[in-house]
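Me: I'd like to go through this model piece by piece. Can we begin with the domains?

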Amino acid sequence: MEIKIDNLDVSLGNKKIINALNFIVNPGELLGIIGPNGSGKSTLLKTIYRVLKPDNGAIFFDGINIKERSYRETARQISVVAQHNDFSFDFTVENVVIMGRAPHKSILERNSREDYLMAADALKRVGLDGYEDRHFNTLSGGERQRVILARALVQNTDALILDEPTNHLDIKYQLQLMSLVKSTKCTTIAAIHDLNIAAMYCDRIVVLKDGRIKGIGTPENIFTSEMIKDIYGVKAEIFRTDKGEIHIFFSSARI
Amino acid sequence: MNCNKKYILIFILAMVLVVELFLSLLLGSVDLSLQDIWQTVINGIISDKSVDAPGQGPLHDIIWILRIPRVLLACIAGAGLAVCGVVMQAIIKNPLADPYIMGISSGASLGATVAILLGLGSGVFSNFIGVAAFLGALGVSVLVLLLANIGGGVNAVKLLLIGMALSMVCSALSSFVVYFAQDKDGIQTITFWLMGSFAGADWLSLPVVSAIIICGILFFVIQNRVLDMMLFGDETAITLGIDIRKYRQIYMLISSLMVGFIVYSAGMIGFVGLLVPHVARIAIGTEHRFLLPMSGLMGAILLVLADVVCRSLIEHTEIPVGIIISLIGAPCFVYMIIRKAYGFGR
């Protein structure tokens with residue numbers, strides 16, 4: 001699925017957060033969004049998954065303005081792994097994952113055997129095999145994050161939106177989650193804090209600051225000491241290995 | 001626990017309720033044998049005369065006019081309150097919610113107080129206190145919804161806070177009326193009425209109340225997936241294809257209507273709508289497709305039992321059912337929470 005952001009303006013209250021944003025996400029691409037806190041990453045993603053409404057501009061999925069689609073239709077096109085996932089009532093892991101099937105069901109339709117098999121399979125893929133009957137609120141932050149990813153997988157969409165997906169995860173699961181996301185071949189937009197993770201997995205990077213695009217391109221082109229100094233105000237050195245991998249080292253001295 | 005076990009549990013509770021309904025007909029000021037009751041119930045069902053047609057014998061009158069409506073009302077009210085409790089907890093995403101939380105109780109009290117002390121509508125309706133309470137309850141919850149709609153989206157916290165604020169206004173108005181009316185008998189009537197009773201059950205209002213409650217429960221059972229979604233929160237629900245803000249208002253209106261009718265026919269019965277949903281969750285989990293039937297059955301069983309106790313505990317005296325529920329229910333509730341380490345999911 002192709003996602004096109006067209007001249008997008010978004011405000012929260014009276015404050016303009018996203019300012020005349022334009023970019024295209026190509027089908028099957030993993031696009032990373034980086035930028036300092038408050039740069040508008042989450043706001044942009046929330047507008048794409050329709051929790052927020054743009055003031056101006058539009059978002060197109062495969063050429064169709066999402067405004068013209070129902071929430072249900074949108075939920076069959078994109079799935080979301082967002083940041084905050086604590087519930088005030090206790091669901092089992094299976095209850096949470098099976099909810100990913102909701103957009104595919106009519107109001108009276110019950111979850112079928114296939115749906116439950118899909119849920120079990122998704123849990124296996126995120127490394128939580130056999131967690132079905134565990135209570136969601138007793139899990140660690142990392143396990144919860146992976147349950148939510150399993151729910152997104154079960155939703156079976158062409159596109160995936162991730163808001164800081166590797167938060168709460170230890171390094172093993174950070175790598176595992178990003179590899180899994182990459183292997184789904186979904187068109188993916190991910191807001192990522194860890195620049196090394198972004199460099200390792202993203203096909204292209206969008207750099208966001210104060211709601212504007214400061215750069216867009218492959219990790220090769222984007223990650224330079226100058227850019228990091230300019231965007232984050234910290235000193236960094238970039239090393240490239242023979243295989244073309246990028247490693248970013250930060251200096252504790254500020255600039 | 002797998003799905004089949006949950007269905008079996010619900011079926012067992014339904015059977016318990018049927019047996020309980022039948023046994024509860026035994027109790028009362030006249031001693032009747034099981035045989036008599038069975039015969040009369042069957043005769044009444046197959047007879048083509050209307051229930052209140054004269055000359056069908058004292059046995060028929062005791063069972064069909066006095067006892068059955070009362071027991072059925074307790075059953076319907078219990079199921080309705082428990083289901084509305086579950087729904088309210090989902091609507092405002094808070095385990096402390098009960099059916100009366102959105103200002104319904106104080107609205108009903110205000111209506112009842114005005115009707116009793118100022119005598120409004122006493123000539124027009126037979127159950128004028130009930131009618132006034134119904135109007136008070138529904139009026140306040142509609143007002144809460146309207147106010148919450150001003151200034152964009154209705155969210156859970158806004159609903160709760162506006163509900164609380166309006167409750168205070170209603171309580172203040174009730175106190176004002178009570179203070180200036182200086183009517184001791186009237187105040188006692190209010191007190192009794194606020195504690196709830198099934199003594200006023202009759203065949204005139206029972207079919208209407210039953211129809212509303214049963215339709216309401218069926219509606220919510222059909223909507224079980226949306227109710228699940230409400231507990232995930234507004235944002236997650238949108239990403240799963242449902243804008244729950246819209247549903248929240250419809251659900252609130254329907255449950256206010258249900259509670260309004262229960263208030264009309266049985267007064268205020270506290271605690272059932274808070275206690276039963278939690279006990280049902282301990283037994284069967286959070287998924288609403290099981291939780292709603294489970295809560296409904298548990299609420300019905302509990303209130304029929306409570307009504308039996310308040311009719312028979314002290315001879316020739318009836319204890320208000322609200323007192324019994326709180327006295328027996330609260331300690332059991334606390335015990336279950338401590339024992340099962342049930343932390344409302346937190």
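Reply: Eleven residues of domain 1 of chain A are in contact with seven residues of domain 2 of chain A, where contact means that C-beta atoms, placed from the backbone, lie within 7 Å. This is a predicted model, in which local features need pLDDT of at least 70, side-chain atom pairs count only at pLDDT 80 or more, and totals for chains, interfaces and linings use all residues. Residues are numbered from 1 along each chain as its sequence is written, and chains are lettered from A and ligands numbered from 1 in the order in which they are written.

Me: Where is chain A divided?
Reply: Domain 1 covers 3–222 and domain 2 covers 223–255; the bounds come from an automatic or database domain assignment. Taken over C-alpha atoms, the centres of the two domains of chain A are separated by 27 Å.

Me: Switching to the sheet in chain A: what is the strand order?
Reply: The order is β2-β1-β4-β5, an open sheet of four strands with antiparallel pairing. Two strands pair if DSSP finds at least two bridges between them. β2 (15–25) and β5 (64–65) of chain A each have a single partner strand, so they stand at the edges and one side of each is left without a neighbour in the sheet.

Me: How many bridges join β1 to β4 in chain A?
Reply: Five bridges join β1 (residues 3–12) to β4 (residues 56–61) of chain A. A:Asp6 has A:Ala58 in β4(A) as its bridge partner. Helix α1 (residues 41–48) of chain A packs on the sheet and touches β1, β2 and β4 of chain A.

Me: Now chain B. At what angle do α3 and α11 pack?
Reply: Helix α3 (residues 58–91) and helix α11 (residues 244–266) of chain B pack at about 150°, with axes 10 Å apart. Axes are lines fitted to C-alpha atoms, for helices over the stretch in contact, and angles run from 0 to 180 degrees between N-to-C directions. α3(B) and α11(B) are therefore roughly antiparallel (over 145 degrees).

Me: Which residues make that contact?
Reply: Among them are B:Leu73, B:Ala77 and B:Gly80 of α3(B), and B:Tyr251, B:Met252 and B:Ser255 of α11(B).

Me: And how many residues of chain A are in contact with chain B?
Reply: 22 residues of chain A are in contact with 21 residues of chain B. Helix α2 (residues 71–77) of chain A gives the largest share of the chain A side, four residues.

Note on methods:
Helix = DSSP H or I, 4+ residues; strand = E, 2+ residues; numbered from the N terminus. Parallel < 35°, antiparallel > 145°, perpendicular 65-115°, else oblique. Contact = placed C-beta atoms within 7 Å.
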